Amino acid sequence: MSINPELQGRSYPKGATYDVGREKIREFARAVKATHPAHFDVDAARALGHADLVAPPTFAIIVAQRADAQLIEDPDSGIDFSRVVHAEQRFTHHRPIIAGDELVAELHVDSVRGMGGGAMITTRAEISTAAGEPVATTISAILVRGEGQ
Amino acid sequence: MDFAELTVGQEIGSRTVEVTRADLVKYAGASGDFNPIHWNERFATSVELPGVIAHGMFTMGAAVQLVTDWAGDPGAVSGYQTRFTKPVPVADTDLEPGALIEVAGVVGALDAENSTARIDLTVTSGGQKVLMKAQALVKMA
């Protein structure tokens, strides 16, 4: 099955809310070997002027990849997840992600480019609070390898 | 750290990240990315990889700590981007690390108007560049 070229320009609406928990921030921070106290200790985070624990700079990938799953699991997309390679990633933080945030993501398929038998797909997740405050924009380029690639 | 005292090309430091397969399992759980190429040798080799490889996002996430520590506040990192150029194979070991990731950073650009510093990271494993154009934007106080 090949990649559906009509994916370009498609959007997927905001899905379920992602509740950012303190323990998830601590778990993610440990998983990327982050040691800054603002990820672990509420008082340390507050001393820097944050309302609660601060998520590591790549934490938004959890929310972005949940949004990407809508596209990858869309039977109409033609994407075989076992052939997906992460090619490029960008994060723009409009403000830090803080424990207690309720986040939603709207996914946009910005481009689909055929490459051999595969395709490079660029998606953008606009992450905001459930109330509509912009929090982060993430851009991911994934390469779906064709047969023999 | 004072923005006025920064110069382009200035080194911010370096660090070595030790990686084991247990670290990849932890990252899979923490991130929700359970792609078997990051924990299943049999599956990884069946899709023509050299073996189990680290999540690109593990490498990206671990590399930025150098910037966070330098900035003094993880909330100051307002942007971060990279290209994933080479996989990081992680060997099946008992006690020793299965891979080492070397991270070094320099001030790549300064934007006085917005008080931001761009930190350019060099990230290698086994002598190969594994991230390309790894750049973090730090909002200075």
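A residue is called buried here when its relative accessible area is under 20%, exposed when that area is over 50%, and partly exposed in between (1.4 Å probe, protein chains only). Helices (H or I, at least four residues) and strands (E, at least two) are DSSP runs, numbered from the N terminus. The structure is a predicted model, in which local features need pLDDT of at least 70 and side-chain atom pairs count only at pLDDT 80 or more, while totals for chains, interfaces and linings use all residues. Residues are numbered from 1 along each chain as its sequence is written, chains are lettered from A and ligands numbered from 1 in the order in which they are written, and side-chain values use heavy atoms, with hydrogens and water left out.

**View 1. Helix H3 of chain B.** Helix H3 of chain B, residues 56-63, is mostly covered, with seven of its eight residues buried. The buried residues of H3(B) are Met57(B), Phe58(B), Thr59(B), Met60(B), Gly61(B), Ala62(B) and Ala63(B).

**View 2. Chain A as a whole.** Chain A contains three helices and six strands, and along the sequence these follow the pattern β-β-α-α-α-β-β-β-β. The C-alpha trace of chain A spans about 55 × 30 × 20 Å along its principal axes. Of the 149 residues in chain A, 53% are buried. Taking contact to mean heavy atoms within 4.5 Å, residues 24 or more positions apart account for 68% of the contacts in chain A that have a separation of 6 or more.

**View 3. The contact between chain A and chain B.** Chain A brings 33 residues to the contact and chain B brings 35 residues. Together the two chains bury about 2,800 Å², of which 56% lies on carbon and sulfur atoms; buried area is the accessible area (1.4 Å probe) that two parts lose on being put together, summed over both. Two salt bridges are counted between chain A and chain B, a salt bridge being a side-chain nitrogen of Lys or Arg within 4 Å of a carboxyl oxygen of Asp or Glu. In one of them, the side chains of Lys33(A) and Asp23(B) meet at 3.1 Å, N to O. On the side of chain A that touches chain B, helix H1 (22-31), helix H3 (61-72) and strand E3 (84-93) of chain A each supply at least two residues, and E3(A) gives the most, with nine residues.

**View 4. Strand E3 of chain A and its partners.** Two strands are said to pair if DSSP finds at least two bridges between them. Within chain A, E3(A) pairs with strand E6, residues 134-144, in the antiparallel sense over nine bridges. Five bridges join E3(A) to strand E2 of chain B, residues 77-84, and these two strands also run antiparallel. In E2(B), Arg83(B) is the bridge partner of Glu88(A), and Thr82(B) is the bridge partner of Gln89(A).

**View 5. The surroundings of His86(A).** His86(A) belongs to strand E3 of chain A, and its bridge partner in E6(A) is Ile142(A). His86(A) counts as buried because its relative accessibility is 18%. Not counting residues up to four places away in sequence, His86(A) touches Ile61(A), Gln65(A), Ser140(A), Ala141(A), Met57(B) and Phe84(B). A polar contact is a pair of N or O atoms within 3.5 Å; within protein, one must be able to donate a hydrogen and the other to accept it, and residues adjacent in sequence count only if both atoms are side-chain atoms. The side chain of His86(A) makes such a contact with the side chain of Gln89(A), at 2.9 Å, and a polar atom of the His86(A) side chain lies 3.3 Å from the backbone oxygen of Glu88(A).
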